[in-house]
Amino acid sequence: MAFSLLNPPPSRIALGAPVPPLPNPSFLFSQPRFPPLHIALLLRSPPPRRVQSSSTPPSPTTTEGNPTPPASREEAVAQARSCLTTALRKPLNNTLPARKLKKQQRQPRFRAEIPVVDDSPGSLVRLAFDVFSGLGVSRKGSPAKLLLVWPSSEEMELAVREFKNWGDSSSALAHAQLDSVPPDALGSCDAAVFLAPGRAQVEKLRAAVNALDPKPAVLFNPAWSFEVEEEGGFDGVAKGFVGSFNVVYSFMGLEVKGLLRKKKGVLLRCVEGGRFGGDSWVLMVEEEDEEAREFKVVSQLKRRPTIGEVENMMYNLMAANSPVTKSARFLRELVSNVTGRKGKQ
């Protein structure tokens, strides 16, 4: 049995030839048992287009109260946009002066992750355009001014050029580079989005976020995996800082391969109402019915599970539904019926 958990530090989407659309999220995996856990999400990349602003973005499709996992790149972007818009709306229009807020409430910090394949500079620019151009958040009736903070000067220069080419000529978006964020840029924006910062840039990220306080900060597709945070990749101060961002959207695909069959799964968090304590991390697996090809919820977790916990849940689920396991149960019951003795459970 092989387990593949797909999560390259989610950061970028290709500008090259688009990946053919898939009926369900699909993943690459051909590893021995207990391989290094990485993700490779294939989501279709349509040509970049201007996304129209809306004060009431469409909500992610739900099934019995649970969000439906995205089947395409466009669906993942739409879900992330909806969650970010909802999360930012309240703090951007909070009429209570910052000095009167409790210390732990002063700066809203949000995090969103869309796992993708490509790591070229242009792919991050394209993804950021699709998510944040015309996001639809406003402050006191006017479009909120977002500062997009890029991990390198190369990506910032490309973003300035390409955003204009793709039709974004509004004054609601500004650009800066993480290594040298101008103080006046932080002072003039309503919120800042930090795009794919690297692990080595965490201290610069922390300084910029603190300088932005009390305005909202968004961490988008950090260039490190959740395993790094859990396995001691950051010291106490840095780990506490990284953990201070509330995840409003995260999508992780996974797949278990047994001897006779395989099972696809999704770990999803999609916060629509800002109720971070009430919105669960939802583990879903694909139904056995080949025609329906729908996902059902098998577990809801209050905190983000570790890679090992997700792995164990998927292995246990496969073992419970394995034909071999079911055959063994049948034989034990058959022996019990023939001998009249109770089968060993």
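Modeller: Here are the labels, each set against its cut-off.

Modeller: This is a predicted model, so local features need pLDDT of at least 70 and side-chain atom pairs count only at pLDDT 80 or more, while totals for chains, interfaces and linings use all residues. Residues are numbered from 1 along each chain as its sequence is written, and side-chain values use heavy atoms, with hydrogens and water left out.

Colleague: What makes Glu229 and Arg111 a salt bridge?

Modeller: The term needs a side-chain nitrogen of Lys or Arg within 4 Å of a carboxyl oxygen of Asp or Glu. Between Glu229 and Arg111 the N to O distance is 2.7 Å. That is within 4 Å, so the label holds. Glu229 sits in helix α6 (residues 226-230) and Arg111 in strand β4 (residues 109-113), so the pair ties together parts 118 residues apart in sequence. Helices (H or I, at least four residues) and strands (E, at least two) are DSSP runs, numbered from the N terminus.

Colleague: Why is the Arg139 and Asp190 pair called a salt bridge?

Modeller: Their closest N and O atoms are 3.9 Å apart. The limit is 4 Å, so the pair counts. Arg139 is in strand β5 (residues 138-139) and Asp190 in the loop between α4 (183-188) and β9 (191-195), so parts 51 residues apart in sequence are tied together.

Colleague: How do you class Glu309 and Arg303?

Modeller: Glu309 is at 28% relative accessibility and therefore partly exposed. Arg303, at 49%, is partly exposed too. Their side chains also meet in a salt bridge, 2.6 Å from N to O. Elsewhere, shared partners join Arg111, Glu113, Glu229 and Arg304 into one network of salt bridges. The search of the whole structure finds eight salt bridges.

Colleague: How do you know that the span of helix α8 is close to the expected one?

Modeller: The expected span is 1.5 Å times one less than the number of residues. Helix α8 (residues 307-320) has 14 residues, and 20 Å is expected. From first C-alpha to last, α8 reaches 20 Å.

Colleague: What puts the buried residues of α8 on the same side?

Modeller: The buried residues are Ile307, Val310, Glu311, Met314, Tyr315, Leu317 and Met318. They cover an arc of only 160 degrees around the axis, which puts them on the same side of α8. The arc is that of the directions from the helix axis to the C-beta atoms. An α-helix has 3.6 residues a turn, so residues three or four places apart point the same way.

Key: Buried < 20%, exposed > 50% of the residue type's maximum accessible area, 1.4 Å probe, protein only.
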